[in-house]
Amino acid sequence: MSMMGLIVSGRLVQTDFAQITDHHFLITVPDADNINHVVVFLTGTVPFAEGMGGAVYFSWPDPNSPPNWQFLGYISNSKPSAIFKISNLKKNHEFENTNLGVFGQNISHVAQIGVSVDPLHIIEQQAAIATQTSTNTFVEFAQKMITGFLNYVSSFSVTQAQMTPNPTENYVPLSSIQGWYETFERRLQQNPNFWKQ
């Protein structure tokens, strides 16, 4: 009987997780490029041992390199299922490989979901760190993007005396863009997710 299952939208439920070590389980996901979300869940036949949970990892296919295991989140007896968005994950060669050896180093031609059964308090810490890192990365990206935008727009600025009248052009005062930039920066510092509201 399988302890865990996998749902990929539009496909049959998969429960064929292979146990590769005492605490590591692996399942193959064909045609991963067309997947947006996956659901990993406990089937209810066998619970995790007390104080344990399953850290869920995903690896994109790359025929030229070993799998890069990306932490998605976790499942536990009190949280027996979780939906993970995988469509926005980057391929192996685009970022630092920090979890290379978690489930082995064989080159994979298909995507894989790996579940590592570990103490729940360690998994929850890992999830908290991943959330904070993701937020910090987004804030850094947003700051660099709006700074780049402001610098780009500023490079076209001219004084009113330098302007040549052109009835087909619209002009925006640079002070308006700088005001927007300052407001955006302030709101981003107060709540990095304000743009989702």
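**Working through the model**

Mentor: To start, 36% of the 197 residues of the chain count as buried, where buried means under 20% relative accessible area, exposed means over 50%, and partly exposed is in between (1.4 Å probe, protein chains only). This is a predicted model, where local features need pLDDT of at least 70 and side-chain atom pairs count only at pLDDT 80 or more, while totals for chains, interfaces and linings use all residues. Residues are numbered from 1 along each chain as its sequence is written, and side-chain values use heavy atoms, with hydrogens and water left out.

Trainee: What is the mean pLDDT of the chain?
Mentor: The mean pLDDT is 81, and 84% of the residues reach 70 or more. pLDDT is the predictor's confidence in each residue, from 0 to 100. Over residues 90–97 the pLDDT is below 50, though this stretch has 17 contacts in the model beyond near neighbours in sequence. Residues 105–109 also have pLDDT below 50, with 18 such contacts. Contact here means heavy atoms within 4.5 Å.

Trainee: What do I do with stretches like that?
Mentor: Where pLDDT is low, the predicted coordinates should not be read in detail.

Trainee: Okay, new topic. How many helices and strands are there?
Mentor: The chain has 2 helices and 8 strands, and along the sequence the pattern reads β-β-β-β-β-β-β-β-α-α. Helices (H or I, at least four residues) and strands (E, at least two) are DSSP runs, numbered from the N terminus.

Trainee: And in what order do the strands sit in the open sheet?
Mentor: The order is 2-3-8-5-6, so to speak of 5 strands with antiparallel pairing. Two strands pair if DSSP finds at least two bridges between them. Strand 2 (18–19) and strand 6 are the edge strands, each pairing on one side only.

Trainee: What holds paired strands together?
Mentor: Strands of a sheet pair through backbone hydrogen bonds, either parallel or antiparallel.

Trainee: Let's look at strand 6. How many of its residues are buried?
Mentor: For strand 6 (residues 70–76), 7 of its 7 residues are buried. Strand 5 (residues 52–59) runs antiparallel to strand 6, joined to it by 6 bridges. F58 has Q70 as its bridge partner in strand 6, and G54 stands opposite I75.

Trainee: What about S76, buried or exposed?
Mentor: S76 is buried, with a relative accessible area of 1%, and lies in strand 6. Leaving aside neighbours within four places in sequence, S76 is in contact with L42, F48, G53 and L120.

Trainee: Why does Y57 count as buried?
Mentor: Because its relative accessibility is 6%. F71 counts as buried too, at 18%.

Trainee: And why is the pair of W180 and F184 tilted?
Mentor: Because their planes are at 35°, with the ring centres 5.5 Å apart. W180 and F184 are 4 residues apart in helix 2 (residues 174–190), so about one helical turn separates them. W180 counts as partly exposed at 40% relative accessibility, whereas F184 counts as buried at 17%. F149, W180 and F184 form one aromatic cluster.

Trainee: Last one: how many residues are in the largest nonpolar core?
Mentor: The largest core has 27 residues, and those with the most contacts inside it include V38, F58 and I113. A nonpolar core is a set of buried Ala, Val, Leu, Ile, Met, Phe, Trp, Tyr and Cys residues joined through side-chain atoms within 4.5 Å. Strand 8 (111–119) is among the strands that each supply at least two residues of this core, and strand 8 gives the most, with 4 residues.

How values were computed: Phe/Tyr/Trp six-rings, centres within 6.5 Å; stacked < 30°, edge-to-face > 60°.
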